[in-house]
Amino acid sequence: MENAEFKSAVGSFHWFATQSRPDINVYSNMLQKCQAGTKLADVREANRLTKEIAQTADTEVRVIPMSGEFAVCLWSDSALYNAWVEPIEDDIQLKNERGHKVFSQHGVLVGLVEISDLESHNPVGVSVVDWKTAASRRVAHRTFAVETSALASGLGRARWVSALLGDCLLYTSD
């Protein structure tokens, strides 16, 4: 796979992940970081992801009908130094370093859940309506800092979904 083909594949992964496949979003995001200096391992990862997508082509994101009131729910998570272009020995190497090549990754998922299901201890239906995976924009040296950044990103997305749904419900009830 030549560099141009690699970039094209990564662009396709990104479009696919943002439109319909939140399960591959993190891989797409991490491969984007490798476009400047593509290595054989990156090409192998792109080939592996292509095969995974083909094997799981029946994966769906469903919007479940809600019979009652629903809540906008947010899930966020992150990992400290899990995405890198160069491996590091320990986090002391990152202190005050500009142009670092180690990133913390975070992901958020926004979904709709019926209020009657919020206290349930059994599996419940969730309508996934928004998601994002990204590398943190700042160098963080503590897991708590990256988790807080992920939560802040997710809260913004959840508020946007809430506002959008509020407008839809307000203007369709007239």
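In which strand is the place of Thr 133? Thr 133 has its place in strand S3, which spans residues 127-135. The legends below concern a predicted model, in which local features need pLDDT of at least 70, side-chain atom pairs count only at pLDDT 80 or more, and totals for chains, interfaces and linings use all residues. Residues are numbered from 1 along each chain as its sequence is written, and side-chain values use heavy atoms, with hydrogens and water left out.

**Figure 1. Overall arrangement of the chain.** The secondary structure comprises four helices and three strands; helices (H or I, at least four residues) and strands (E, at least two) are DSSP runs, numbered from the N terminus. Along the sequence, these elements follow the pattern α-α-α-β-β-β-α. Of the 174 residues, 28% count as buried, where buried means under 20% relative accessible area, exposed means over 50%, and partly exposed lies in between (1.4 Å probe, protein chains only). Among contacts (heavy atoms within 4.5 Å) between residues at least 6 apart in sequence, 72% join residues at least 24 apart.

**Figure 2. The crossing of helices H1 and H2.** The axes of H1 (residues 3-19) and H2 (residues 25-32) come within 9 Å and cross at roughly 145°. Axes are lines fitted to C-alpha atoms, for helices over the stretch in contact, and angles run from 0 to 180 degrees between N-to-C directions. The crossing of H1 and H2 is left-handed, a term for a near helix turned anticlockwise from the far one by less than a right angle, clockwise being right-handed. From H1, Phe 6, Val 10, Phe 13, His 14 and Ala 17 meet Asn 25, Ser 28, Leu 31 and Gln 32 of H2. By class, this contact of H1 with H2 has five nonpolar, four polar and no charged residues. Here Ala, Val, Leu, Ile, Met, Phe, Trp, Tyr, Cys and Pro count as nonpolar, Asp, Glu, Lys and Arg as charged, and the others, Gly among them, as polar.

**Figure 3. Arg 21 in the loop between H1 and H2.** Arg 21 is found in the loop between these two helices and counts as buried because its relative accessibility is 2%. Leaving aside residues up to four places away in sequence, Arg 21 touches Phe 16, Ile 53, Thr 56, Ala 57, Thr 59 and Trp 131. A C-alpha separation of 7.7 Å is found between Arg 21 and Glu 60, which are 39 residues apart along the chain.

**Figure 4. Trp 131 in strand S3.** Trp 131 lies in S3 and, at 13% relative accessibility, is buried. Beyond four places in sequence, the residues touched by Trp 131 include Ala 17, Arg 21, Asn 25, Val 61, Leu 109 and Arg 157.

Figure 5. Not counting residues up to four places away in sequence, Val 129 touches Val 110, Gly 111, Leu 112 and Val 161. Thr 133 is buried, with a relative accessible area of 15%. With the same exclusion, Thr 133 touches Asn 25, Val 26, Asn 29, Gln 105, His 106 and Gly 107.

**Figure 6. Arg 48 over the ring of Tyr 27.** The charged end of Arg 48 sits over the Tyr 27 ring, 4.9 Å from its centre; this requires NZ of Lys or CZ of Arg within 6 Å of the ring centre and within 35 degrees of the ring normal.
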